[in-house]
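The entries below record what I looked up and what I found.

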Amino acid sequence: MPKIEIGKPLHCVELVTGQSLTGTVLVSNDELRTDIYSYTGHFHINGEQPVFLQTATNEIVSLHSNVTMNAGTNSRNTAPQRATQRQEILSNVAVVGHDPWRAEDEVKQVSFQVKHTNQLMHHDQKVKAIGRNRLPTEAHFTIFNDAAKGMTVRAWYGATYGMEFEGPTELWPTFGLGFDEPQSIHNYIAHVSDYVTFLSFCFGVQLKPSAIHIDRLSFTQMIEAMEEHEYPGDHEVHYVWPEVEVDNRDLWVGGSPVRSWDDKELASFRECLVAWMNRASAWRRPNALMMASFGLKNVVSSERLLNACRWLEDIPIAKAQPVLSGSDIDAIAAVAAAKAQELGHEGTIGERIAGALRWIRAETAEQQFARFVGTVERKFGKGVLPDEAVEHLKRAIKFRGKSAHGHFNPENGAQFRAFSKSTRAMEALCFLLTALDLPISEEGLSRVRANPVIRDYHMAYD
């Protein structure tokens with residue numbers, strides 16, 4: 001059960017000044033705000049350190065990454081004189097649990113949910129077994145536990161039951177990570193984001209985690225504490241993450257490269273997820289740009305095109321290749337320098353010629369895009385991108401040049417459609433390059449062209 005009600009101010013007392021000042025704390029997707037009041041004189045709470053509160057429900061709220069503002073004094077200047085002082089604390093992280101979560105505390109495991117993933121994680125045999133068995137086993141609820149770089153990657157089903165206990169009234173997937181090396185309150189979330197970007201990649205939409213719970217105990221330690229009836233409980237973490245609206249038409253798992261419907265599909269899902277998590281540290285920036293692209297899917301703007309172009313530039317495997325080797329440049333430069341000296345130019349002209357040749361040693365945009373398109377077609381099949389993809393991508397670079405110098409305003413409807421088509425072409429290429437090295441099954445490869453990112457590019461008017 002949630003430890004605090006979202007969006008409802010809750011009475012609290014602060015635990016950091018020694019004065020037991022009271023106020024309210026508000027936890028919502030849009031803000032984490034605390035207002036503390038003093039009726040007896042001046043006070044100041046240092047927001048550079050974690051701030052601890054005890055709520056009316058006897059939970060401890062630990063506020064991290066704070067910005068504090070003295071909101072001033074509300075005074076009554078006529079007799080009897082009174083003054084009320086208020087301080088506002090805006091936080092980026094709120095940890096709710098049975099005790100304070102201090103700056104030095106470390107996360108050994110984390111669990112979370114992701115909205116819209118029920119069908120993606122629906123394993124038919126496991127779900128049926130849970131529904132048919134009066135006492136389902138741990139194996140029924142476990143989707144997977146896999147080792148990745150520096151962590152264990154998990155997924156399982158959570159369930160609620162009615163009074164009859166004939167079967168679950170609700171079933172949902174929960175995701176988790178166990179860390180080989182404990183993480184700080186500021187660092188663990190990057191690994192959660194890596195996991196969520198994979199789930200977002202599956203759909204081609206921007207998803208976010210919810211119901212995040214962290215624990216100082218590892219999974220094994222937690223089980224041992226529960227068996228000894230000594231487990232104090234985990235801590236719930238809240239961030240300022242507004243709800244993202246997702247078009248239901250984009251949540252069809254028929255466009256996902258991986259899914260969990262049966263053992264064969266689940267095996268591919270697990271292999272791809274582990275590969276994703278293993279490479280995550282090198283892919284954080286392009287994955288962040290991917291998520292930004294998903295968030296801009298209903299916008300046609302310079303911002304979206306520029307984001308797509310930066311996404312391509314930051315993909316580790318999408319680098320330009322030289323078309324002239326160093327030895328070729330030296331040979332050409334030597335011949336050109338000799339001819340230049342024959343025509344009466346100074347001997348230093350050779351260095352200038354070699355320098356000029358180095359500028360053209362890399363492949364052209366057309367050569368690069370043709371290579372990228374050929375590479376993804378070998379992986380995903382001919383036709384995964386339209387025949388005109390290279391032209392659309394070259395045009396995207398031209399539009400980028402105009403957009404980089406200010407807001408791009410299309411001259412007419414035809415140019416607007418060309419701009420939109422080129423933007424989607426760049427995003428589709430980036431999506432396929434992101435998937436290129438993942439061990440996707442043959443069935444998954446055939447589904448990729450139905451992913452919203454690829455589908456929308458094919459369907460866009462030109």
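**Entry 1: a surface patch**

I looked up Met-69 and found 35% relative accessibility, so I class Met-69 as partly exposed. The model is a predicted one. Met-69 sits in strand S5, which covers residues 60-76. I then noted that Met-69 belongs to a nonpolar surface patch with Val-67 and Leu-90. Together the three have about 220 Å² of accessible area.

**Entry 2: positive phi angles**

Most residues other than glycine have a negative phi. I looked for exceptions and wrote down two residues. Asn-58 is not a glycine, yet its phi is positive, at about 65°. I found Asn-58 in the loop that runs between strand S4 (51-55) and S5. Is Asn-58 buried or exposed? Its relative accessible area is 56%, so Asn-58 is exposed.

His-116 is not a glycine either, and has a positive phi of about 80°. I placed His-116 in the loop between strand S7 (106-114) and helix H1 (124-132). With a relative accessible area of 25%, His-116 is partly exposed.

**Entry 3: salt bridges**

Side chains of opposite charge can pair when their charged atoms come close. How many salt bridges does the count come to? I recorded 28 salt bridges.

I began with Glu-31 and Arg-33, whose closest N and O atoms are 2.9 Å apart. Glu-31 is partly exposed at 29% relative accessibility, and Arg-33 is partly exposed with a relative accessible area of 23%. Both residues also belong to a network of salt bridges, in which they are linked with Asp-35, Arg-86 and Glu-88.

Next I checked Asp-124 and Lys-128, which form a salt bridge with closest N and O atoms 3.1 Å apart. The two are 4 residues apart in helix H1, so about one helical turn separates them. Asp-124 has a relative accessible area of 32% and is partly exposed; Lys-128, with 38%, is partly exposed.

My last pair was Glu-313 and Arg-400, with a salt bridge of 2.4 Å from N to O. Glu-313 lies in helix H7 (residues 302-314) and Arg-400 in helix H11 (residues 389-404), so this pair ties together parts that are 87 residues apart in sequence. Glu-313 is partly exposed, at a relative accessible area of 39%, and Arg-400 counts as partly exposed at 22% relative accessibility.

**Entry 4: empty space**

Rolling a probe the size of a water molecule over the atoms shows where empty space is left. I searched the whole structure and found 1 cavity of 30 Å³ or more. The largest cavity has a volume of about 100 Å³. Its lining residues include Gly-204, Phe-294, Arg-304, Glu-427 and Asp-456. Which helix gives the most to the lining of the largest cavity? I noted H14, with 3 residues. At least two lining residues come from each of H6, helix H12 (413-435) and helix H14 (452-459). By class, I listed 5 charged, 3 nonpolar and 2 polar residues in this lining.

I also looked at the second largest pocket, which holds about 360 Å³ of space. It is lined by 17 residues, and those nearest its centre are Ser-193, Thr-197, Leu-207, Ala-288 and Met-291. Helix H3 (188-203) and helix H6 (280-295) each supply at least two of the lining residues. I sorted the lining of this pocket into 10 nonpolar, 4 polar and 3 charged residues.

Conventions:
Residues numbered from 1 in each chain as written. Predicted model: local features only at pLDDT ≥ 70, side-chain atom pairs only at ≥ 80, totals over all residues. Heavy atoms only, no water. 1 Å grid on protein atoms, 1.4 Å probe; cavity = no way out; pocket = protein on both sides within 12 Å on 5 of 7 lines; lining within 4 Å. Points joined across faces, edges and corners; volume = space filled by probe spheres on them. Nonpolar A, V, L, I, M, F, W, Y, C, P; charged D, E, K, R; others polar. Patch = residues over 30% accessible without salt bridge, like charges linked within 9 Å, V, L, I, M, F, W, Y side chains within 5 Å. Areas by Shrake-Rupley, 256 points an atom, 1.4 Å probe, with all protein chains shown as cover. Salt bridge = Lys/Arg side-chain N within 4 Å of Asp/Glu carboxyl O. Buried < 20%, exposed > 50% of the residue type's maximum accessible area, 1.4 Å probe, protein only.
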